[in-house]
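The exercises below ask the reader to work through aromatic rings and pockets, each with a solution that goes step by step. Please look over the sequence and the structure before starting.

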Amino acid sequence: MATKKYIKNYPRPQFVRENWVDLNGEWRFGFDDTHSGEAEGWQRSFRGDRTIIVPFTYETKASGIGEEAHHPCVWYNRSLDIPSEAAGKRILLHFQAVDYIAKVWVNGEYVGGHQGGYSAFSFDITPYVTFGALNELTVKVEDSKDATQPRGKQRWVDDNFECFYVQTTGIWQSVWLEYVEQEYVDSVKITPDLDSNTVKFEYQVKGELRADSALRLETIITMKGRQVKQASLTIDRHWLALEVDLVHEMNGPWKRCYWSPAHPNLYDVEFILYRDDEVIDHVYSYFGMRKISIEKDKVLLNNVPIYQRLLLDQGYWPDSHLTPPSEEALIEDIDLLLQMGYNGVRKHMKVEDARFLYWCDVKGVLVWSEMAATFEFNDQAVQNFTIEWMEVVRKQYNHPSIITWVPFNESWGIMNIFKDRRQQQFTEAIYHLTKAFDPNRPVVTNDGWEHTVSDILTLHDYVERKEQFLNRYAGKDDIVNNRKTFNRWKYAFADGYSYQGQPIIISEFGGIAFKSDKGWGYGGQVASEEAFLERFRGIHEAIKQTDYIVGYCYTQITDVQQEVNGLLTEERKPKVPMEKIREINLS
């Protein structure tokens, strides 16, 4: 069941206003391989000679171009019709994701820039527009093969290799406008506390706070159409906090309205900003009363141990690559993983579209949110990664479906972490910085092996047979205390770190592929459905029979370009009957 104010294709469903303009669609476009466009004045008089369908990048068929060669600089341009009746309002221009460095002009005037391919950003373009007229919006995007920028699975050479795919350049998520009053609610951080039955709201309000204009913010919480709580604040500064007590309500008709995979209950919440008695901003949101915690060697959801059955998901589509072709495509992927008996997803090397997280919230899917990796380690990589990662954490914080943060994977970008003290300190810093903003979710540093500080010990192992797995993991103490390697050559912890009793999850395994001459999977490929299911069943039984392991993540939901180890094809067609996968997961 969708939330109270669900708007199809709204780019940011956790923070909804009704008055918005979708800027996706046909834009003018041009390549600028010599980086001469700005000097030549493209921002004032656009010279691109192509068109493109935003938000699909030029590398994709969906864009209308479909050219996979790397171009280091691209330009976009389109007209904005700003109606005269909008005069007096503020015009907010939103970009959900642009890879990698964006610069924005309106009517030839520079508005601002942003660096980072996976985080959202916005500009107030009010000073630059003419009301009641057509306005020109121009965007320049620079991308590179630099391995110090967070890339994830995007290649940094000319051709695909191993599990690295065609690069993503330019606008790849939605672009849109909002009209707001001079004072408006800029953001709200929502933190539920299940143990005390309270929820804390931290508000940021933009605009001039004038002594002669009384501002008041109403917060209205409802559940399934019935009002649960209403609270009011007088706005006397730009940042305010409010804790709402739900004890009475939680002991009454809402007693069991926690969020979980079995019962993904969501509270609707409205933020209504008044100037005197006039409504000047109205934002719709939601939250889930849920708690994720660690107790000894178990992961707990709402204070009860939970066994995680996750599916690795890289979020690629054949004609649109990282960009989902539609909201329906996102829903389809979620429904398919649930049909196969999984209760969660590890979103791998990608910060996914906010609509995906919305539907995970609505449908009760557990999410591990993972950052795209750099592939070099130096001062620039540290700075690039840190800034963008914290933008991502802030952007995604309110989603109850997200239960784990994963900033690093398999020593990518920190290849010498086993011994290198600087790289170890970097992961420690990111761990503690993440915890400073969000102390309530587990953080996994270096998912797979060579952990430093980490709330969960996660191991990647593509061993093929049940007997091999049981033999390898029979001696828990040997693995967790670095007395022996696993996965052939890796240790569980970096040198100088030790096991502190964390829960243990096999967060990558499987990757079984049918025999193919076009791509690869992990280990030996199989020739038949029977051989696939025999191996699939055996390795799952081995994991479940190892009693100290409290969850797993299978690789992966779909094939991706040259990687053919999905349970589904790129077109989302099952390779084996989904009910058989479900039976093995739930047995």
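The model is predicted.

**Exercise 1.** Describe the lining of the largest pocket, and find which strand gives the most to it.

*Solution.* Begin with the volume of the largest pocket, which is about 1,100 Å³. Next, turn to its 40 lining residues, of which R12, D186, S187, R394 and K395 are the closest to the centre. Then assign the lining to elements: the strands β5 (90–95), β9 (121–124), β13 (184–193) and β14 (198–206), together with the helices α4 (354–363) and α5 (379–396), each supply at least two residues. With seven residues, β13 gives the most.

**Exercise 2.** Describe the second largest pocket by volume, lining and residue class.

*Solution.* The volume of the second largest pocket is about 620 Å³. Its lining consists of 29 residues, and those nearest the centre are E410, W449, Y462, W489 and Y522. Divided by class, this lining holds twelve nonpolar, seven polar and ten charged residues.

**Exercise 3.** Why is the pair of Y307 and Y552 edge-to-face?

*Solution.* The centres of the two rings lie 5.9 Å apart and their planes stand at 70 degrees, which is over the 60 degrees required, so the pair is edge-to-face. This pair links distant parts of the chain, since Y307 is in the loop between β22 (304–305) and β23 (308–313), whereas Y552 is in strand β29 (residues 549–555), 245 residues apart. Y307 is partly exposed, with a relative accessible area of 28%, while Y552, at 0%, is buried. Both take part in one aromatic cluster, formed by Y307, F509, F514, F532, F536, Y552 and Y554.

**Exercise 4.** Over which ring does the charged end of R216 sit?

*Solution.* The charged end of R216 is found over the ring of Y274, at 4.2 Å from its centre. Likewise, K189 lies over the face of F437, 3.7 Å from the ring centre.

Methods. Residues numbered from 1 in each chain as written. Predicted model: local features only at pLDDT ≥ 70, side-chain atom pairs only at ≥ 80, totals over all residues. Heavy atoms only, no water. Phe/Tyr/Trp six-rings, centres within 6.5 Å; stacked < 30°, edge-to-face > 60°. Helix = DSSP H or I, 4+ residues; strand = E, 2+ residues; numbered from the N terminus. Buried < 20%, exposed > 50% of the residue type's maximum accessible area, 1.4 Å probe, protein only. Lys NZ or Arg CZ within 6 Å of the ring centre and 35° of its normal. 1 Å grid on protein atoms, 1.4 Å probe; cavity = no way out; pocket = protein on both sides within 12 Å on 5 of 7 lines; lining within 4 Å. Points joined across faces, edges and corners; volume = space filled by probe spheres on them. Nonpolar A, V, L, I, M, F, W, Y, C, P; charged D, E, K, R; others polar.
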